[in-house]
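Me: I am new to this structure and would like to learn how to read its features one at a time. Could you take me through them slowly?

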Amino acid sequence: MSKEQYNLSTKTDYLSRKMFLDPAGPVTIQRFEEVKYPKIAKFEETARGFFWQPEEISLTKDAGDFKEASDAIKHIFTSNLLRQTALDSLQGRGPTQVFSPVCSLPELEALLLNWGFFETNIHSKSYSHIIRNIYNVPKEVFNTIHDTQEIVEMASSVGKYYDYLHKLNCQKEIGTMLVSEKEHIRAIWMALNASYALEAFRFMVSFATSLAMVENKIFIGNGNIISLILQDEILHRDWTAWIINQVVKEDTRFAQARQQCEAEVYAMYQDVIREEKQWADYLFNKGPVIGLNAAILKDFVDYTAVNALKEIGIKYQTPAPKTTPIPWFNKH
C-alpha cells in the first residue's frame, strides 16, 4: 500500500477521480455517502450478502464415496481440488495485493478487499475443509500441488501478470526506478484480463468437473460447497468484465492500452484456452466420469470462451459449439 494512504490532511474529491492511478493519489478516507460508481458499490453489497462458511456443510457421505470410488474418479476429484486450491491461492492475493495499491476510489477498494476475503477466507478454506475431511493425511495431498506440472504452469500463466504489476507497484512506491505511467497502465490492463481469464474460464471449467460428480450422485457435500463458490465466482466474473469495459470508456489511457495490447491480450486468452484443453486430457487420462470426458470438457471450454470474450468485446476466432455441451451445468 502507498504511504500516501495514511496522510489524511488532503481533501479528496472522489467523484472526479479515475478508477486507477488517478493523479490525486490513492484512497485515503473511506467514505461512501456518495460514490462515483454505484454499480461497484452494489456489486460489493451483493457479495457481502452472500457470506457463508464451509464448515456448515457435512462431508460425511463424501468420505464414503471417495473410499468406494474408482482410481479414475479419485484422480479426477483430487486433481480438480488441488487445481482449485492453487488458483484460489492466486486470486486470494491478487485483488488486495496487486490491484488495491493502484485503485483510486473507495468503492473499488472495498470491492477488492471483499474479493480477496472471499477467495482466501471462504473459497480456499473450503478446499482445505474438503481435503481435511476426505483424506487421511491431508498435508501429503496438498504437497503434491508443487509436483503437478500441469497445475504449476497453469498458475504461472496468470500469476506472471500479477507479479509484473506487483513489481511495478513496488518500484513506484519505494522510488528505486522510474515507472512510466504508460507502462503501469498496460500492466494493470493485462492483469485485469488475466484476472478475468481466471474467473470466466478456469474456475468455470473446474466447477463443471465438480458438478459432474453431483450429477452422478456422488460427492454431494463437495457439490453443495462448489455451488456456493460458483454463485460467488459468477459475481466476481461479472464485476471483472464490468470494470474492464468501464475503465476503457472513462479513461483514455486504458483505451489506448486496449488498442496497443489487443494482440497480446488475445494471445493470453488463447494460451488459457489451450492450457484448459490440455488440463482436460490430464484430468481424464485414467478414464471419464459418466456425462463428462475430455472431449466434452474441451467443447465446454470453447463454448465458454465465445460468451466470456463477447462480454468484454472480443470475438473468439475458433469454431465453437452453438449450444452448451454440458446442459446440466446451467441448473447449478
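Predicted model: local features only at pLDDT ≥ 70, side-chain atom pairs only at ≥ 80, totals over all residues.

Me: How many aromatic pairs does a search of the whole structure find?

Reply: Rings of Phe, Tyr and Trp (its six-membered ring) pair if their centres lie within 6.5 Å, and planes under 30 degrees apart count as stacked, over 60 as edge-to-face and the rest as tilted. The search finds 16 aromatic pairs.

Me: Is arginine 83 buried or exposed?

Reply: Buried means under 20% relative accessible area, exposed over 50%, and partly exposed in between (1.4 Å probe, protein chains only). Arginine 83, which lies in helix H3, has 0% relative accessibility and therefore counts as buried. Phenylalanine 77 and phenylalanine 219 are buried as well.

Me: What joins the side chains of arginine 83 and glutamate 276?

Reply: A polar contact is a pair of N or O atoms within 3.5 Å; within protein, one must be able to donate a hydrogen and the other to accept it, and residues adjacent in sequence count only if both atoms are side-chain atoms. Such a contact, of 2.9 Å, joins arginine 83 and glutamate 276. Contact in the wider sense means heavy atoms within 4.5 Å, and arginine 83, not counting residues up to four places away in sequence, touches residues including Ile151, Arg202 and Trp279.

Me: Which backbone atom does the side chain of threonine 240 reach?

Reply: Threonine 240 lies in helix H8 and is buried, with a relative accessible area of 1%. Its side chain reaches the backbone oxygen of histidine 236 at 2.6 Å.

Me: How many disulfides does the structure hold?

Reply: A disulfide is a pair of cysteine sulfur atoms within 2.5 Å, and the structure holds zero of them. For cysteine 170, the nearest cysteine sulfur, that of cysteine 103, is 16 Å away. Cysteine 170 is partly exposed at 34% relative accessible area, whereas cysteine 261, at 1%, counts as buried.

Me: Which residues touch the most other members of the largest nonpolar core?

Reply: In soluble globular proteins, nonpolar side chains tend to be buried together. A nonpolar core is a set of buried Ala, Val, Leu, Ile, Met, Phe, Trp, Tyr and Cys residues joined through side-chain atoms within 4.5 Å. Of the 112 residues in the largest one, Met19, Phe20, Leu108, Trp189, Phe201 and Phe329 touch the most other members. Helix H7 gives the most to this core, with 22 residues.

Terms used: Residues numbered from 1 in each chain as written. Heavy atoms only, no water. Helix = DSSP H or I, 4+ residues; strand = E, 2+ residues; numbered from the N terminus.
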